[in-house]
Amino acid sequence: MEYNNNKEIEKILEEIDISEEAPIEEPMRQYYFIKKGRAYVAELSEKLDRPLYVCVNTFGCQMNAKDSEKLLGILEQMGYKEETDENKADFVIYNTCTVRENANLRVYGRLGQLNRIKKKNPHMMIGLCGCMMQEPEVVEKLKKSYRFVDLIFGTHNIYKFAELIVTCFESERMVIDIWKDTDKIVEDLPTDRKYSFKSGVNIMFGCNNFCSYCIVPYVRGRERSRNPKDIIREIEKLVADGVVEVMLLGQNVNSYGKNLDEPMTFAQLLQEIEKIEGLERIRFMTSHPKDLSDELIEVMAHSKKICKHLHLPVQSGSTDILKKMNRRYTKEQYLLLVEKIKKAIPDISLTTDIIVGFPGETEEDFQETLDVVRKVRYDSAFTFQYSKRTGTPAAVLEDQISPEVMKDRFDRLLKEVQTISAEVCSVHKGTIQRVLVETKNDHDEHLVTGRMSNNLLVHFPGDASLIGKLVDVELKECHGFYYMGEIVS
Ligand code: SAH
Ligand code: SF4
Ligand code: F3S
C-alpha cells in the first residue's frame, strides 16, 4: 500500500524524534529521514527566501512512471514543490531507462545541459536513478566524466530515497548506492499520483524470462510477486480516494504468484480485485504469450471490470528468430493463442511489440512477421529496431543486421501496421462506448478526451468537471487512431 493522504503521514511523522538514532525497521526508517530531510529543505528554502523546486524526469516504461510517483511522493513530503521545467528546479532527477541504446544516449546529452545550468546555480542537486544505473559501465562513466552529479541509485533501493537525500545534504561527495538485486519489498511509503482517478499498481517486480535481446532482467532483478493482501489493500485505499481504474503492472503479469508462500495465479488475483466495490475498470500489462492461461481468458471473458484490451508482445513472426530470442513459443502457437482469445472475447483489442533486425533475421523471417501482423490485425503495435545491449546473449551473436536493412524493414512494417490498425479501429464508428474522461483536450478547450475499454481515445465536447467520470459517448467520426464523439448520457 502507499500513502497519499497527508493526515496519515503527519500522524506517523509526529511520533518520530529525529534527535534519536534512526530506526532499523522499514518503512519507519524512511519516515525518520523524511522528517530529517524536511529540516534541511526548510533551512535552504529560508536562505533562498523561496520554496525549493524539484523536477523528476521519467524515461522508459510504466514501471518507471510508477517509481517516479513514489519519488515525488517522498520529495513533496520533504517540502519540495513540483516543477516541470528542469531549468528552474533546485533538484533534478532523471529516472532512466536502458532498454534501447537511444534511451541511454538521451540521458548523457541532457546531463551535459544540466551541467551548464548547475554552474550558474551551484546549490542545485542532480540525482540519477532507474535501470541505466544498474549497469556498472554506466556508473563508471558517470564517476569519471560527470562529477557534478550528486546522487546515483538503482532500481532495487528506491524505497531508501529519503535516506539517500539526507546523505546528500550531509555529504560533499557524490553519493552512490546501487544494489545488485533484492528480495525485499517495502510497503507503506508516500506516493504522489499523477491522476486522481486512475493509478498504476505494482503486482510484481523483476523478470526471469531472459529474452536474449533484453536487458530488463539484468537491471530489474529476479521476479518477485507482491503479497495479494497488500495489493488488495492498496487498491481498496485507492478506490476510497476516488480511483476508478487501476493498471496492474509487471514485466510478465501472467507468471504472477508463482513464488509466493501461498502460490496464486494471475487469474485468481484478478478475480479478487474484481470484487472490490467502487472499482470500475481493471487493466494490466504486460502479458507474455507463453504464460497466458486458459483460466485467464475465461476470467477476462466473464469479467465486468477487466478492460477488453490485451497487450500481447509477439516480437517476431519467425519461429527461428523466436527461438533465438528465447521467447519459448512458435509462430503457430502464438496464432493459435490469438484465435482462442478472439473466439472467447470477440470484441477484444489486441496490441503488440515487434522488434525488427534481430541478429540473423532474413528477409524470409521478416516476411513471417508481416504475415503475423496481417493475420492478427492488431489494433496497434509498438515497433522497434533491434538495439544491441551489452551483456545480453544476443549482443555477441554473429550476423548483426546493417542499419540500412533494419531501417528498410522497420519502414515497411510500420506502414503495414498503420494501415491495418486504421481499418481495425474504424469498425466502432456509430457505436456507443463507455469512456473514462481523462483530460481536457490540448488543442481545443471545448473538448475533453476519454479512453474506451479497448484503450482507444475519443474527443468530445465537455468541460473539466467530467474528468474522472465514466460516461457514454457515441462515436461519430474515426480519424485513424482516435474518434470524435458526442456524449449521450
Ligand atoms: N516485459 C515486456 C516488455 C518490456 S520492454 C514483455 O516481455 O513484453 C518493452 C519492449 O521493448 C519489448 O517488448 C521489446 O519489443 C522492446 N525491446 C526490448 N529489448 C529490446 C532491444 N534490445 N532492442 C529493441 N527493442 C527491445
Ligand atoms: Fe525483457 Fe522478455 Fe522479460 Fe519482457 S519478458 S522484460 S522482453 S526479458
Ligand atoms: Fe526501460 Fe527499465 Fe522499463 S529498462 S523499459 S525503464 S524496466
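Modeller: The following account begins with the annotated residues and then places them in the whole chain. Please note that this is a predicted model.

According to the UniProt record, an unreviewed entry, the annotation "binding site" covers Cys-207, Cys-211 and Cys-214. Two of these residues are described here in detail.

Cys-207 is found in the loop that runs between β10 (204-205) and α7 (216-220). Its relative accessible area is 8%, and because buried means under 20%, Cys-207 counts as buried. Beyond its neighbours within four places in sequence, Cys-207 has contacts with Val-216, Pro-217, Gly-221, Arg-222, Glu-223 and Gln-251.

Cys-211 is likewise placed in the loop between β10 and α7. This residue is buried, with a relative accessible area of 8%. When residues up to four places away in sequence are set aside, Cys-211 touches His-288, Met-325, Asn-326 and Arg-327.

The wider setting may now be considered. The protein chain contains 14 helices and 21 strands. Of its 489 residues, 56% count as buried, and Cys-207 and Cys-211 belong to that group. Among contacts in the chain with a separation of 6 or more, 72% are accounted for by residues 24 or more positions apart.

As for overall form, a compact globule with 489 residues would have a radius of gyration near 23 Å, and the protein chain agrees with this, because its own value is 23 Å. Along the principal axes, the C-alpha atoms fill a box of roughly 65 × 60 × 50 Å.

Note on methods:
Residues numbered from 1 in each chain as written. Chains lettered and ligands numbered in written order. Predicted model: local features only at pLDDT ≥ 70, side-chain atom pairs only at ≥ 80, totals over all residues. Heavy atoms only, no water. Helix = DSSP H or I, 4+ residues; strand = E, 2+ residues; numbered from the N terminus. Rg over C-alpha atoms; globule rule 2.2 N^0.38 Å. Buried < 20%, exposed > 50% of the residue type's maximum accessible area, 1.4 Å probe, protein only. Contact = heavy atoms within 4.5 Å. UniProt positions renumbered as here; feature names shortened; annotations may be inferred.
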